[in-house]
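Here is a report on the fold below.

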Amino acid sequence: MGNVMPIPKQHRIIKPENRLQSKMRLSKLSVSELMAKANAVMAAIAASYPEWLQKDLEKLIAAHERLREDPLDEAARSELFRTAHDIRGQAAGFGYDLASHAGGSLCQCLRQRPVLSTADLHVVDAHINIIRACLGQSLKGDGGAIGQELVAELNILIERTKPRQEPVS
């Protein structure tokens, strides 16, 4: 106990002013009323989500076509990734879990494949087809038996075309 640092006799406690109250927007609605209002807004957005997903699908198709013409087109690859990432993040929130899964899987594939081969472009096409099926067949949630079959086939295709790591010698 000989090496104990002495505590200073003078100290000052600082209590910062709480400015949050002045910045808070007060509402006369109860929490349950605010939640009901938020749920109504989300329901309205959800009704129009298939239109948003269709626009994102069109972006994916356009970027994919550009990559077929030039697999090194970084702008097209970036657009493909960004749109797939948006779908991954938004679709499940509106009941399109299968589309969200396809978007996330496409992002992962693009991260793992710095250069897209012809086989890789087939993998991209398979992801796009799943999202197309979600819209065309109104596959909500995980897509049921059809969705499970599509995901299983996609996983087989991904595994078959996965870039092989060179062994380190």
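Leu139 sits in the loop between α5 and α6. The model is predicted. Leu139 counts as buried because its relative accessibility is 7%, and the cut-off for buried is under 20%. Beyond its neighbours within four places in sequence, Leu139 is in contact with Tyr96, Leu98, Ala133, Cys134, Ile146 and Leu150. Thr83 lies 56 residues away along the chain. The C-alpha atoms of Leu139 and Thr83 are separated by 19 Å.

Ser138 is also placed in the loop between α5 and α6, where α6 covers residues 144-161. Is Ser138 buried or exposed? Ser138 counts as exposed because its relative accessibility is 54%. Its backbone deserves a look too. Phi of Ser138 is near 50°, a positive value in a residue other than glycine. Most residues other than glycine have a negative phi.

**Helix α4 against helix α5**

Helix α4 covers residues 97-112 and helix α5 covers residues 118-136. Their axes come within 9 Å and cross at roughly 165°. That angle is over 145 degrees, so α4 is roughly antiparallel to α5. The crossing of the two is left-handed.

Which residues make the contact? On the α4 side they are Leu98, Ala99, Ala102, Gly103, Ser105, Leu106 and Cys109. On the α5 side they are Val123, Val124, His127, Ile130, Ile131 and Cys134. By class, the contact of α4 with α5 holds 10 nonpolar residues, 3 polar ones and no charged ones.

Two of the residues named above return here.

His127 is placed in helix α5. Its relative accessibility is 0%, so His127 counts as buried. Leaving aside neighbours within four places in sequence, His127 is in contact with Ala102, Ser105, Leu106, Cys109, Leu154 and Ile158.

Gly104 is placed in helix α4. It counts as buried because its relative accessibility is 16%. Gly104 and His127 are 23 residues apart in sequence. In space they are 9.6 Å apart, C-alpha to C-alpha.

**Helix α2 against helix α3**

Helix α2 runs over residues 31-69, and helix α3 over residues 74-90. The axes of α2 and α3 come within 8 Å and cross at roughly 155°. The two helices are therefore roughly antiparallel to each other. The crossing of α2 and α3 is left-handed.

From α2, the contact takes in Tyr49, Leu53, Asp56, Lys59, Leu60, Ala63, His64, Arg66 and Leu67. From α3, the residues are Ala75, Ala76, Arg77, Glu79, Leu80, Thr83, Ala84, Ile87 and Gln90. What classes do they fall into? The contact of α2 with α3 has 10 nonpolar, 3 polar and 5 charged residues. Thr83 of α3 is part of this contact; its C-alpha atom is the one separated by 19 Å from that of Leu139.

Glu33 also belongs to helix α2. At 42% relative accessibility, Glu33 counts as partly exposed. Glu33 and His101 are 68 residues apart along the chain, and their C-alpha atoms are separated by 33 Å.

The C-alpha separations are set out here.

| Residue pair | Apart along the chain | C-alpha separation |
|---|---|---|
| Gly104 and His127 | 23 residues | 9.6 Å |
| Leu139 and Thr83 | 56 residues | 19 Å |
| Glu33 and His101 | 68 residues | 33 Å |

**The whole chain**

How many helices and strands does the protein have? There are 6 helices and 0 strands. Along the sequence the pattern reads α-α-α-α-α-α.

The protein has a radius of gyration of 25 Å, whereas a compact globule of 169 residues would have one near 15 Å. Its C-alpha trace spans about 75 × 60 × 35 Å along the principal axes. Of the 169 residues, 30% count as buried; His127, Gly104 and Leu139 each count as buried. Among contacts between residues at least 6 apart in sequence, 69% join residues at least 24 apart.

Note on methods
Residues are numbered from 1 along each chain as its sequence is written. This is a predicted model: local features need pLDDT of at least 70, side-chain atom pairs count only at pLDDT 80 or more; totals for chains, interfaces and linings use all residues. Side-chain values use heavy atoms; hydrogens and water are left out. Axes are lines fitted to C-alpha atoms, for helices over the stretch in contact, and angles run from 0 to 180 degrees between N-to-C directions. Helices (H or I, at least four residues) and strands (E, at least two) are DSSP runs, numbered from the N terminus. Angles under 35 degrees count as roughly parallel, over 145 as roughly antiparallel, 65 to 115 as roughly perpendicular and the rest as oblique. A crossing is left-handed if the near helix is turned anticlockwise from the far one by less than a right angle, and right-handed if clockwise. Contact means heavy atoms within 4.5 Å. Ala, Val, Leu, Ile, Met, Phe, Trp, Tyr, Cys and Pro count as nonpolar, Asp, Glu, Lys and Arg as charged, and the others, Gly among them, as polar. The radius of gyration is taken over C-alpha atoms; the globule rule is 2.2 Å times the number of residues to the power 0.38. Buried means under 20% relative accessible area, exposed over 50%, partly exposed in between (1.4 Å probe, protein chains only).
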